[in-house]
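Good morning. Please look at the sequence and the structure on the screen, and I will go through the salt bridges.

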Amino acid sequence: MPDQRAVDVYDDGDDIVVQSTVAGVDDDNLEINITTESVTVKGVRKQEKRVEEKNYFYQELFWGSFSRSIILPQEVDPDHSTANLSKGILTIRMPKLNRSKAKKLKVKAAD
């Protein structure tokens, strides 16, 4: 079963921000899919050195595929979202869509 990444999700004024620890995962092994209502982070942590099972004293790290989907508390703009990886922390910033604002339309007279 794929590992479930721990995440923080918070409101940062104009953006919804998702952060997750992905230490040991190369950015080429990360996939992020964003819709207006959700974000999914998938990836693979590859073990660089194989150790025989009998040689372990403790084995608590997770190696392999992981996936985490989050239903967002507010609609976001996927086209203007960004993702950055720094010091093992993935930060995804998604601008909030404010659909509650009314838009004025100018009426054109038909001739």
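**Salt bridges**

Arg93 and Asp12 form a salt bridge, with their closest N and O atoms 2.3 Å apart. Arg93 lies in strand 7 and Asp12 in the loop between strand 1 and strand 2 (15–21), so this pair ties together parts 81 residues apart in sequence.

Before going on, note that this is a predicted model: local features need pLDDT of at least 70, side-chain atom pairs count only at pLDDT 80 or more, and totals for chains, interfaces and linings use all residues. Residues are numbered from 1 along each chain as its sequence is written, and side-chain values use heavy atoms, with hydrogens and water left out.

Now the terms. A salt bridge here is a side-chain nitrogen of Lys or Arg within 4 Å of a carboxyl oxygen of Asp or Glu. Strands are DSSP runs (E, at least two residues), numbered from the N terminus. Buried means under 20% relative accessible area, exposed over 50%, and partly exposed in between (1.4 Å probe, protein chains only).

Arg93 is partly exposed at 26% relative accessibility, and Asp12 is partly exposed at 37%.

Arg93 also meets Asp15 in a salt bridge, at 3.3 Å from N to O. Asp15 is in strand 2 and Arg93 in strand 7, 78 residues apart, and the pair links distant parts of the chain. Asp15 counts as buried, at 15% relative accessibility.

How many salt bridges does a search of the whole structure find? It finds 4. Among them is Asp11 with Lys96, at 2.9 Å from N to O.

Conventions:
Helices (H or I, at least four residues) and strands (E, at least two) are DSSP runs, numbered from the N terminus.
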